[in-house]
Amino acid sequence: MELSKKLEEYLSPTKGIIGVSISKTINIVLERMNEVINSVWTYEINILPCNIEDNDLTFRFPVRLNNNKEIPDISKGSSAIKEIIDFAFKIVAMEFLDMLDYPLILDESFSTFDAVHRRRAYEYVEELSRERFKQVFLISHFMESYGRHNNADVIILDNSNVNYTGEFNNVIKIEYK
């Protein structure tokens with residue numbers, strides 16, 4: 001009985017070797033996510049480690065804004081906060097999984113951001129495309145997003161409601177039947 005109790009404590013997902021390993025990994029991921037977030041955002045946003053309640057990890061991650069206001073969980077944040085956290089998670093997951101040769105796909109990203117944060121996010125994506133990711137697929141209705149990439153291949157499926165004066169569809173041929 002004593003041996004099984006010690007083994008249970010040693011392998012505990014909250015206090016034992018498994019818990020230590022999980023906590024360290026979560027903290028490394030959160031640290032990198034916070035770096036990504038704060039490269040884009042104009043005020044400090046930090047995702048905090050999840051809590052342990054009743055000897056179980058809650059997987060509810062509090063968010064601290066400007067080092068004073070705390071949101072109890074990511075899911076309770078504004079749509080823009082959730083979107084920047086999702087963006088950071090995508091980047092960090094691809095880094096940790098060594099998927100930098102895979103395309104970074106951003107579909108209507110940053111639509112909930114104000115103009116300043118949207119511009120900063122696109123600048124960060126440009127930096128990522130130069131330094132980290134070999135390909136970025138940017139799907140957007142905002143000219144400020146796709147119009148800023150001078151070396152991009154622009155693809156327009158239906159130009160009846162698009163105000164774009166540059167070249168497009170040079171790399172594909174679209175036929176309607």
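Visitor: What should I keep in mind about the numbering and about which atoms and residues are counted?

Guide: Residues are numbered from 1 along each chain as its sequence is written, and side-chain values use heavy atoms, with hydrogens and water left out. Since this is a predicted model, local features need pLDDT of at least 70 and side-chain atom pairs count only at pLDDT 80 or more, while totals for chains, interfaces and linings use all residues.

Visitor: How is a salt bridge defined here, and how many does the structure hold?

Guide: The term covers a side-chain nitrogen of Lys or Arg within 4 Å of a carboxyl oxygen of Asp or Glu. By that criterion the structure holds six salt bridges. One of them joins the side chains of Glu95 and Arg32, with an N to O distance of 2.8 Å. Glu95 lies in helix 3 (residues 79-96) and Arg32 in helix 2 (residues 17-40), so this pair ties together parts that are 63 residues apart in sequence. Helices here are DSSP runs of H or I with at least four residues, strands are runs of E with at least two, and both are numbered from the N terminus.

Visitor: Are Glu95 and Arg32 buried or exposed?

Guide: Buried means under 20% relative accessible area, exposed means over 50%, and partly exposed is in between, using a 1.4 Å probe and protein chains only. Glu95 is buried, with a relative accessible area of 14%, and Arg32 is buried as well, with a value of 19%.

Visitor: Which other salt bridge does Glu95 form?

Guide: Glu95 also forms a salt bridge with Arg132, where the closest N and O atoms are 3.3 Å apart. This pair links distant parts of the chain, since Glu95 is in helix 3 and Arg132 is in the loop between helix 4 (115-131) and strand 7 (136-139), 37 residues apart. Arg132 is partly exposed, with a relative accessible area of 36%. Taken with Glu35, the residues Arg32, Glu95 and Arg132 are linked in a network of salt bridges.

Visitor: Which residue forms a salt bridge with Asp101, and where do the two partners lie?

Guide: Asp101 forms a salt bridge with Lys134, the closest N and O atoms being 3.2 Å apart. Asp101 is in the loop between helix 3 and strand 6 (104-107), whereas Lys134 is in the loop between helix 4 and strand 7, 33 residues apart. Asp101 is exposed, with a relative accessible area of 54%, and Lys134 is exposed at 65%.

Visitor: How do I read the aromatic pairs?

Guide: Rings of Phe, Tyr and Trp (its six-membered ring) pair if their centres lie within 6.5 Å; planes under 30 degrees apart count as stacked, over 60 as edge-to-face and the rest as tilted. The structure holds six aromatic pairs. In one of them, the rings of Trp41 and Tyr43 have centres 6.2 Å apart and planes at 85 degrees, so the pair is edge-to-face. Trp41 is buried, with a relative accessible area of 6%, whereas Tyr43 is partly exposed at 29%.

Visitor: What about the rings of Phe110 and Phe113?

Guide: Their centres are 5.3 Å apart and their planes stand at 40 degrees, so the pair of Phe110 and Phe113 is tilted. Phe110 is buried at 0% relative accessibility, and Phe113 is buried at 3%. Ring pairs link a cluster that includes Trp41, Tyr43, Phe110 and Phe113, together with Phe87, Tyr122 and Tyr124.

Visitor: How do side chains and pairing work in strands, and which residues form the two faces of strand 6?

Guide: In a regular strand the side chains alternate between the two faces of the sheet. Strand 6 has a covered face, Leu104 and Leu106, and an uncovered one, Ile105 and Asp107. Strands of a sheet pair through backbone hydrogen bonds, either parallel or antiparallel. Two strands count as paired if DSSP finds at least two bridges between them, and four bridges join strand 6 to strand 7, which run parallel. Leu138 in strand 7 is the bridge partner of Leu106.

Visitor: What is the order of the strands in the open sheet?

Guide: Three strands form this open sheet in the order 1-4-5, with antiparallel pairing. Strand 1 (45-47) and strand 5 (69-71) are the edge strands, and each pairs on one side only. Strand 4 (residues 63-65) is joined to strand 5 by three bridges, and the bridge partner of Val63 in strand 5 is Ile71.
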